[in-house]
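Me: I'd like to learn how to read a few features of a structure like this one. Could you walk me through them, one at a time?

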Amino acid sequence: MSIGVALPSGDTENTANIVDELIAQTRQAADAGLDRVWFSQRYDHDAIALAALAGRAVPEIAVGTSIVPIVPRHPLLLASLAQTAQAATGGRFTLGVGLGAKALSEAAYGVGYPPPIRHLREWLTVLNQALDGEQVSFDGETVSAHPVWPVTVQGSAKPEVIVAAMGLQALRVTGELADGTLPFLAGPRTVSRQIVPAITKAAEAAGRPAPKIIVAFPAIVTDEPDAVRELAAPQLAFYDDIPSYRKILDAEGVDGALDLAVIGDEKTVADAVRRYFDAGATEVVVTQAGLRSAAERLRTWALLGGLAS
């Protein structure tokens, strides 16, 4: 079983230097036997830079981003960053991207949110041209790209591109133009009934290899599940009213994101991990393991590393 974890995971608030701490936690993840660390994009730190630094410092583990919103980032910018990270890590970097939330993007950056599916298709088309070493030339409705100088980074193999796609239209575009999907808060039933069939069909129609199904969900091993659940509730409630997440939660038949958080002893978390693999996941990513403490994070990672080995 391929198992990764997401960073930051909740226990870095009092850290003097976030970069040093996350590199140290990447070392801990490698020592636990985990396969990959995924770095979340936030407004403060940069996920691709962190992945490149951590992957170079800890060569025993793969790294990726989960996820970098593509609005308002131009695909040429992400292509150069991703290739740089790929070269820095010796080919162990995966670029995870997503459309992001309309309200958050518009409020933060002051730019309009484009028609999402059209933008995703055009954005991935330009990204693939750049990563494939082609002469980039594209004029679309939401993306235009005509670089004068080369866009290929010497010493960089093409990184895999994973899209946080959950809706049917986004899954079709992803299956056609990317290497897989990385849904967050999609339960096992939705993974098996909606996500796997839709993206697999699209990839087959495009003549692409079987797509990666990388499923992310919150999980914490603890002796005090009720107390941890109280801490998780306000954090996860944020997702309940975002339209794309609301649809995926409804498809699973749950009231809210908290219902998909796996909080309990080792058996509880291990059983949940196996359910996702049974549903068709090719990799599982556990998020928010350090919500309450580093000790619970390390306990969770020790379990996951044992499952991955």
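Reply: Asp-271 and Lys-267 sit four residues apart in helix α10 (residues 266-278), so about one helical turn separates them. Their side chains meet in a salt bridge, 2.7 Å from N to O. Keep in mind that this is a predicted model.

Me: What is the general idea behind such a pair, and how many salt bridges turn up in the whole structure?

Reply: Side chains of opposite charge can pair when their charged atoms come close. A search of the whole structure finds 18 salt bridges.

Me: Which parts of the chain does the salt bridge between Arg-297 and Asp-11 link?

Reply: First the contact itself: the two side chains, Arg-297 and Asp-11, meet at 2.7 Å, N to O. This pair ties together distant parts of the chain, with Arg-297 in helix α11 (residues 294-308) and Asp-11 in the loop between β1 (3-7) and α1 (18-31), 286 residues apart. Arg-297 and Asp-11 are both buried.

Me: And what do I find at Glu-296?

Reply: Another salt bridge: the side chain of Glu-296 meets that of Arg-292 at 2.7 Å, N to O. Glu-296 counts as buried because its relative accessibility is 8%, under the 20% cut-off. Arg-292, at 33%, counts as partly exposed. Elsewhere, salt bridges that share partners join Arg-27, Asp-31 and Glu-60 into one network.

Me: What does the side chain of Ser-293 reach?

Reply: The backbone nitrogen of Glu-296, at 3.1 Å. Ser-293 belongs to the loop between β12 (283-287) and α11, and it is partly exposed, with a relative accessible area of 23%.

Me: Let's move to strands. What should I keep in mind about side chains in a strand, and in which sense does β5 pair with β8?

Reply: In a regular strand the side chains alternate between the two faces of the sheet. Here, strand β5 (residues 93-98) and strand β8 (residues 160-163) pair in the parallel sense, over four bridges. To find your place, look for Val-97, which stands opposite Val-163 in β8.

Me: Which residue stands opposite Gly-180 in β9?

Reply: Ile-162 does. Strand β9 (residues 180-181) pairs with β8 in the parallel sense over two bridges. From β8 the chain passes through helix α6 (residues 168-177) to β9, and this β-α-β crossover is right-handed.

Me: What about phi at Leu-185 and Gln-288?

Reply: Leu-185 isn't a glycine, yet it has a positive phi of about 70°. You'll find Leu-185 in the loop between β9 and α7 (188-205), and it is buried, with a relative accessible area of 0%. Gln-288 isn't a glycine either, and its phi is positive at about 60°. Gln-288 is in the loop between β12 and α11 and is buried, at 16%.

Me: Last one: which residues form a nonpolar patch on the surface?

Reply: Tyr-43, Leu-104, Tyr-109, Val-111 and Phe-238 do, with about 480 Å² of accessible area together. Take Phe-238 as your landmark: it's in the loop between α8 (225-237) and α9 (243-252). Phe-238 is partly exposed, at 43% relative accessible area.

Note on methods:
Residues are numbered from 1 along each chain as its sequence is written. This is a predicted model: local features need pLDDT of at least 70, side-chain atom pairs count only at pLDDT 80 or more; totals for chains, interfaces and linings use all residues. Side-chain values use heavy atoms; hydrogens and water are left out. Patches are made of residues with over 30% relative accessible area and no salt bridge: like charges are joined within 9 Å, nonpolar side chains (Val, Leu, Ile, Met, Phe, Trp, Tyr) within 5 Å. Accessible areas come from the Shrake-Rupley method with a 1.4 Å probe; for residues, only the protein chains shown count as cover. A salt bridge is a side-chain nitrogen of Lys or Arg within 4 Å of a carboxyl oxygen of Asp or Glu. Buried means under 20% relative accessible area, exposed over 50%, partly exposed in between (1.4 Å probe, protein chains only). Two strands pair if DSSP finds at least two bridges between them. A crossover is right-handed if, with the strands pointing away from the viewer, the path from the first strand over the helix to the second runs clockwise. A polar contact is a pair of N or O atoms within 3.5 Å; within protein, one must be able to donate a hydrogen and the other to accept it, and residues adjacent in sequence count only if both atoms are side-chain atoms.
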